[in-house]
Amino acid sequence: MTTDEQKKELRRLVRALKHEYTLQQKLERSVSIQKRVLQLPELAISDTILLYHALPDEVNTDLLLESLSNRRKGNKRIALPVVDGDNLILKEYIPDNMSIGYNNILEPAENNTIDPSEIDLAIIPGMAFDRNNNRMGRGKGFYDRLLNSLNCKKIGIAFRFQIFDSIPCGDYDLPMDMVISED
């Protein structure tokens with residue numbers, strides 16, 4: 001079986017595992033994960049943070065977005081990814097200036113673009129991770145291309161059932177610096 005076939009099969013398995021949990025269970029687990037992220041020392045020393053607005057089956061990031069984004073209170077500048085063709089561009093998160101974008105994901109509308117070199121810390125979703133911090137995405141390569149342009153610590157967040165002993169990886173797959181789950 002090729003690496004691509006292995007990835008396709010693992011994505012199928014993870015989608016099935018996600019269906020075993022209710023939306024409420026995923027939201028509760030998401031709160032635990034987000035609270036762990038908020039305790040990271042790396043977060044305290046980072047000014048510009050890459051986050052994402054979650055799909056219904058991903059680790060929810062609402063608590064992180066709310067906790068970190070109030071710049072009037074001296075909090076962080078948040079960048080969210082926006083699909084632009086085959087790539088992700090980063091735009092500043094402003095809560096009252098959002099629109100529906102690619103795949104029905106909420107994204108910044110007409111906000112300031114942020115250069116990847118400005119990101120101090122990246123919090124990244126994935127379909128699966130492994131104990132060596134390898135990451136597998138949904139298969140479109142959006143994050144793979146973005147991760148190559150980031151020179152910061154990269155933290156994957158996932159539900160415990162998305163973490164495996166090992167996952168198939170290609171040459172273009174970049175590992176995270178750490179992966180955080182609810183436990």
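Mentor: The discussion below sets each term against its definition. Please bear in mind that this is a predicted model.

Trainee: What makes up the secondary structure of the chain?

Mentor: The secondary structure comes to five helices and twelve strands.

Trainee: How do you know that the chain agrees with a compact globule?

Mentor: The test is the radius of gyration. A compact globule of 183 residues would have a radius of gyration near 16 Å, and the chain has 16 Å, so the two agree. Along its principal axes, the C-alpha trace spans about 50 × 35 × 30 Å. Buried residues make up 49% of the 183 residues. Of the contacts between residues at least 6 apart in sequence, 69% join residues at least 24 apart.

Trainee: Why is the length of helix H1 called close to the expected one?

Mentor: Helix H1 covers residues 3–18, which is 16 residues, and reaches 22 Å from its first C-alpha to its last. The expected span at 1.5 Å a residue is 22 Å, so the value is close to it.

Trainee: How do you know that the buried residues of H1 are on the same side?

Mentor: The buried residues of H1 are Lys 7, Leu 10, Arg 11, Val 14, Leu 17 and Lys 18. They cover an arc of only 120 degrees around the axis, and therefore they are on the same side of H1. The buried residues of H1 pack against helix H2, strand E8, strand E9 and strand E11.

Trainee: What makes the buried residues of H2 line one face of the helix?

Mentor: In H2, the buried residues are Lys 26, Ser 30, Ile 33, Gln 34 and Val 37. Seen down the axis of H2, they fall within an arc of 100 degrees, so they line one face. The 16 residues of H2 should span 22 Å at 1.5 Å a residue, and its end C-alpha atoms are 22 Å apart, so the span agrees. The buried residues of H2 pack against H1, H3, H4, E7, E10 and E12.

Trainee: Which class does Asp 144 belong to, buried or exposed?

Mentor: At 14% relative accessibility, Asp 144 is under the 20% limit and therefore counts as buried. Asp 144 is placed in helix H5. Apart from its neighbours within four places in sequence, Asp 144 is in contact with Arg 135, Tyr 172 and Asp 173.

Trainee: What makes Ser 166 exposed?

Mentor: The relative accessibility of Ser 166 is 55%, and exposed means over 50%, so Ser 166 counts as exposed. Ser 166 lies in the loop between E11 and strand E12. The C-alpha atoms of Ser 166 and Asn 133 are separated by 9.1 Å, although these residues are 33 residues apart along the chain.

Trainee: How do you know that Cys 152 is in no disulfide?

Mentor: A search of the whole structure finds zero disulfides. For Cys 152, the nearest cysteine sulfur is that of Cys 169, which is 19 Å away. A disulfide requires sulfur atoms within 2.5 Å, so Cys 152 is in no disulfide. Cys 152 is buried, with a relative accessible area of 11%, whereas Cys 169 counts as partly exposed at 31%.

Technical notes
Residues numbered from 1 in each chain as written. Predicted model: local features only at pLDDT ≥ 70, side-chain atom pairs only at ≥ 80, totals over all residues. Heavy atoms only, no water. Helix = DSSP H or I, 4+ residues; strand = E, 2+ residues; numbered from the N terminus. Buried < 20%, exposed > 50% of the residue type's maximum accessible area, 1.4 Å probe, protein only. Arc of directions from axis to C-beta. Contact = heavy atoms within 4.5 Å. Rg over C-alpha atoms; globule rule 2.2 N^0.38 Å.
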